[in-house]
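This report walks through one protein model, beginning with a term used for single residues and going on to the sheet, its helices and the packing inside. It is meant to be read beside the sequence and the structure.

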Amino acid sequence: MTYLFFMKMLDDAQRTKEANANAFGVAVKDPTFKEGVWHNQDTDKDVPYENLRWSVFKNKDPETMFALISRDVFFFIKNLNEGKESAYSRFMDNATFQIPNARTLTKIVEGIDKLDMTNKDTMGDVYEYVLGKMAASGNNGQFRTPRHIIRMMVELMQPKLDDVICDPAMGSAGFIVESAKYVTEHYKKELLKKEHQEHYKNTMLHGFDTDQTMLRIGAMNLMLHGVDNPCIDYMDSLSSDNTDESKYTLCLANPPFAGSLDNEVVSKSLLAITKTKKTELLFVALFVRMLQLGGRCASIVPDGVLFGNSTGHKAIRKELIDHQQLRAVISMPSGVFQPYSGVSTAILIFTKTNDGGTDKVWFYDMKADGYTLDQKRTECADNDIPDIIARFQHLEGEESRSRKDQSFLVPVQEIRDNDYDLSINKYKEVEREEVVYEAPSVIFGRIQERMDKIQAAMDEFNAKYLK
């Protein structure tokens, strides 16, 4: 689907260029499909550029179209490395064309041809649907973050026009896409200025992943949302290959959980913050290193990060509380990542200061996210997300909240006194009502009375009908 979307986008873009060029009586600038022929080095044959265009091959008979796409068009986009298209095409090296036959391909091409590729909202929804199906079926083993949870985190952090945003475990680029959408929604007028547009398209959005398939999917996801040239790269973010330090103003991520790495592979600067092999702890250390002073981070972490008692767990919590400014811990219900995982998670929000500053930490006990917490995850009325966003943006109003409420503030010294434990149940006050039960003799007497009535009824039935 990704490849085919891209094929149509290339042709649509050139048709727009051609219409503009004809209107002004000039030549098309930097055409993707040139005059003449393209030499396919894989087959050592020349192919007319015209035949590589969606508007041409979609009208051919199924077998001819299948041969053209699988043999020529697919290799053409694999080797397309010029202009803004390189954001996608540079991750095509190891791609394989897996549509099995002409009949299946024809059905897909006909379906895609009906889509308005210029409508970014429609295409974004289509692509999110495809990604959702992919994740639900377990292909590629990706742990996809639900779209509404990503949106909540972006709205909590409120990306600004001058932010430099990074997700070092980007997957399908959900956090980067939602950040881009937030910026375009809130800064429409400002984005008309050339300098802001240049920053938005070329230097604002960054992401890394170690899966070439996800890089292709992520790049296409961004292109379908209007980001043509994101800074996304193939890289192991935790390794010494990643030298980014004090570079970004905002990090948003749902990094891999429960992974374990060899210390020799991990960057020494991360081990200096927390000496551990656990990926969930190393990624939090990475956020600290990558952020500029004053930079902000919102990251999903497994619950173990909040209360684990290993040296590595305690070290990362002390880092956030004592050396940075920990602002919030939002505990999410375990069903949020159904149907493909029942893991319990939380969102950590902090600001990099390198000089402490944690005063009070805001805790929120999310009980519902607008969907049932079972395998089906159908929409429902219960939803804490609007309340979470509203309260986080006005933390001064949380001062009066008690520990019996769903959210409250906890002084940093109390957290230190509790060995830096960040689990909400450590601080939440639970109301217990005393229940007074009847004496066992009274309960037993009532049971005996009922048994006597049952026995009497059985004796009556026996005497009347069975004798």
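A residue is called buried here when its relative accessible area is under 20%, exposed when that value is over 50%, and partly exposed in between. By that scale Phe 363, with a relative accessible area of 0%, is buried. The model is a predicted one, and every value below is computed from it.

**The sheet**

Nine strands form an open sheet in the order S5-S4-S3-S6-S7-S9-S8-S10-S13, and their pairing is mixed. At the edges stand strand S5 (231–234) and strand S13 (407–411), each of which has a single partner strand, so one side of each is left without a neighbour in the sheet. On average, and with direction ignored, neighbouring strands of this sheet are turned by 15 degrees against each other. In general, strands of a sheet pair through backbone hydrogen bonds, in either a parallel or an antiparallel way.

Helix H12 (residues 279–290) lies across S3, strand S4 (205–209), S6, S7 and S9, and runs at about 165 degrees to S7.

How much of H7 is covered? The helix is mostly covered, since nine of its eleven residues are buried; among them are His 148, Arg 151, Met 152, Met 153 and Leu 156. Just after H7, Gln 158 takes a positive phi of about 45 degrees.

**The nonpolar cores**

The largest nonpolar core has 46 residues, of which Met 152, Met 153, Leu 252, Ile 300 and Ile 349 touch the most other members. H7 gives the most to this core, contributing seven residues. Leaving aside residues up to four places away in sequence, Ile 349 touches Leu 156, Met 157, Cys 297, Ala 298, Gln 325, Leu 326, Arg 327, Ala 328, Ile 330 and Phe 392. Another core, of 44 residues, lies apart from the largest one and includes Val 301, Val 329, Val 361 and Ile 424.

**Cysteines without a bond**

A disulfide is a covalent bond between the sulfur atoms of two cysteines. How many disulfides does the model contain? The count comes to zero. The cut-off for such a pair is a sulfur distance within 2.5 Å, and the sulfur of Cys 166 is 5.2 Å from the closest cysteine sulfur, that of Cys 251, which is too far for a bond. Cys 297 is likewise in no disulfide, with the nearest cysteine sulfur, again in Cys 251, 5.5 Å away.

**Aromatic pairs**

The model has 13 aromatic pairs. In one of them, the rings of Phe 363 and Tyr 427 have centres 5.3 Å apart and planes at 45 degrees, so the pair is tilted. This pair links distant parts of the chain, 64 residues apart, with Phe 363 in strand S10 (residues 360–365) and Tyr 427 in the loop between helix H16 (412–417) and helix H17 (440–466). Elsewhere, ring pairs link Tyr 3, Phe 74, Phe 75 and Phe 97 into a cluster.

**Single residues**

Ser 239 lies in the loop between S5 and S6, and, residues up to four places away in sequence not being counted, Ser 239 touches Val 265 and Ser 267. Phe 307 is found in helix H13 (residues 304–307) and, counted in the same way, touches Arg 317, Asp 421 and Ser 423. Phe 307 and Asp 419 are 112 residues apart in sequence, yet their C-alpha atoms are 9.1 Å apart in space.

The table gathers accessibility values for residues discussed above.

| Residue | Relative accessible area | Class |
|---|---|---|
| Cys 166 | 1% | buried |
| Cys 297 | 0% | buried |
| Ser 239 | 5% | buried |
| Tyr 427 | 3% | buried |
| Phe 307 | 43% | partly exposed |

Notes: Residues numbered from 1 in each chain as written. Predicted model: local features only at pLDDT ≥ 70, side-chain atom pairs only at ≥ 80, totals over all residues. Heavy atoms only, no water. Pairing = 2+ DSSP bridges. Helix = DSSP H or I, 4+ residues; strand = E, 2+ residues; numbered from the N terminus. Axes fitted to C-alpha atoms, helices over the stretch in contact; angles between N-to-C directions. Contact = heavy atoms within 4.5 Å. Buried < 20%, exposed > 50% of the residue type's maximum accessible area, 1.4 Å probe, protein only. Phe/Tyr/Trp six-rings, centres within 6.5 Å; stacked < 30°, edge-to-face > 60°. Core = buried A, V, L, I, M, F, W, Y, C linked by side-chain atoms within 4.5 Å.
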